[in-house]
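I opened my notebook to record what I looked up in this structure, going from the whole chain down to single residues.

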Amino acid sequence: MNFRQVEAFRAVMRTGSMTSAAELMSVTQPAVSRLIRDFETDTRLLLFERHGNQIIPTQAALTLIKEVDNAFVGLDRLTQVAANITRHAAGSLRIAAMPALASGLLPRFVSTFVKDKPDLYVSVTGLLSPQVIDLVASGQADLGYGDGPIDRPGFDVVARPIAAVVALPDGHPLTAKAVIQPQDLANEAMIALEPGSLFAMRVEVALAGVPRTCTLEALLSHTALVMVAQGAGITILDPTSSLDFLDKGVTIRPFGVFIDASFAEIRQSGRNRSAIVDLFRQEFRAWHDQLISDTGLPLFPD
């Protein structure tokens, strides 16, 4: 199996025909047909049923394309970041961040940060934490924000503990409580967040022995909060994500058991320090902490 075969498979799935895929790849139609045949041989899968000039993807193809698309999304993002670096080499700040920050608070702060810096180019790339680390490690991001723990050598990592909160639909009976204890969630509909992650394991430990219904799960905090706002259930998550939903049908309360929901600031060790990177990280941390303090909730441990 080689990359060109995978590329041909994706092109056929996107266009629906060998001829259109060949045009997309700037090769001949027989070349695409040969690549698909070789790909089927190497994978030992029947990917397309042939009916004259028409091809129909099999269930195997429909399953495989999901994984192929995931891989290509990562490559497309890296290509875009590389192009941005080339086009804006001077006066640039490249930030990679986990979705909880990249889709909410971080763009809000960046918009304020650049107002008095018209010549500064800032790129914000939203990625899962392992990909954030990879971009910082490769030098394609000056600064990264991800969830921990991060124990790879070669990085300067700064994290401040912060307590997870309980996100409730506005008007839910539990919003009358100042602090939500684990037993308060007995028999409640819960939305599981980041299944399989360290954070999810911490939540399960905190709720051990508490009977509850959990029929919904979400990979991203934003997704879980949309469900909460619609009254689908309750979730436990980081307060940073929830701040953008406080006027959109969501109420947050402290959780009676401390669950660390901090994010980590990541930089390469030993690199020449940029004044603009240092300024950004200091001002973003202060701005973020002020937002948390403004909630009036005791979320920073003593």
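**Whole chain**

I began with contacts in the protein chain between residues at least 6 apart in sequence, and I noted that 73% of them join residues at least 24 apart. I reminded myself that this is a predicted model. I then looked up the secondary structure, which comes to 10 helices and 12 strands, and the box filled by the C-alpha atoms, which is roughly 70 × 50 × 35 Å along the principal axes. Of the 302 residues in the protein chain, 46% are buried.

**Nonpolar cores**

I asked myself which residues have the most contacts inside the largest nonpolar core. I found Leu185, Phe199, Ile236, Phe255 and Ile259, in a core of 37 residues. Among the elements that give two or more residues to this core are strand S7 (165-169), strand S8 (189-193), helix H7 (198-206) and helix H10 (275-294), and S7 gives the most, with four residues. A second, separate core has 21 residues, including Val6, Met18, Leu35 and Leu47.

**Aromatic rings**

I searched the whole structure for aromatic pairs and found 12. One that I wrote down is the tilted pair of Phe9 and Phe39, with 5.4 Å centre to centre and 45 degrees between the planes. Phe9 lies in helix H1 (residues 3-15) and Phe39 in helix H3 (residues 29-43), so this pair ties together parts that are 30 residues apart in sequence. I checked burial as well, and both Phe9 and Phe39 are buried.

I also noted a cluster in which ring pairs link Phe109, Phe113, Tyr145, Phe263, Phe280, Phe284 and Trp287. Lys117 lies over the face of Phe113, at 4.0 Å from the ring centre. Elsewhere I found the charged end of Lys248 over the ring of Phe245, 5.8 Å from its centre.

**Two helices that cross**

Two packed helices are described by the angle between their axes and the distance between the axes, so I looked up both values. The axes of helix H5 (residues 99-113) and H10 come within 11 Å and cross at roughly 115 degrees, and the crossing of H5 past H10 is right-handed. On the H5 side the residues that meet H10 include Leu105, Phe109 and Phe113, and on the H10 side they include Phe280, Phe284 and Trp287.

**Loops**

Not counting residues up to four places away in sequence, Asp142 touches Ser92, Leu93, Arg94, Arg267 and Val277.

Arg44 is in the loop between H3 and strand S1 (48-51), and it counts as exposed at 77% relative accessibility.

Asn187, also a residue other than glycine, has a positive phi near 65 degrees. Asn187 sits in the loop between S7 and S8, and I recorded it as exposed, with a relative accessible area of 62%.

Key
Residues numbered from 1 in each chain as written. Predicted model: local features only at pLDDT ≥ 70, side-chain atom pairs only at ≥ 80, totals over all residues. Heavy atoms only, no water. Phe/Tyr/Trp six-rings, centres within 6.5 Å; stacked < 30°, edge-to-face > 60°. Buried < 20%, exposed > 50% of the residue type's maximum accessible area, 1.4 Å probe, protein only. Lys NZ or Arg CZ within 6 Å of the ring centre and 35° of its normal. Core = buried A, V, L, I, M, F, W, Y, C linked by side-chain atoms within 4.5 Å. Axes fitted to C-alpha atoms, helices over the stretch in contact; angles between N-to-C directions. Left-handed = near helix turned anticlockwise from the far one by under 90°. Contact = heavy atoms within 4.5 Å.
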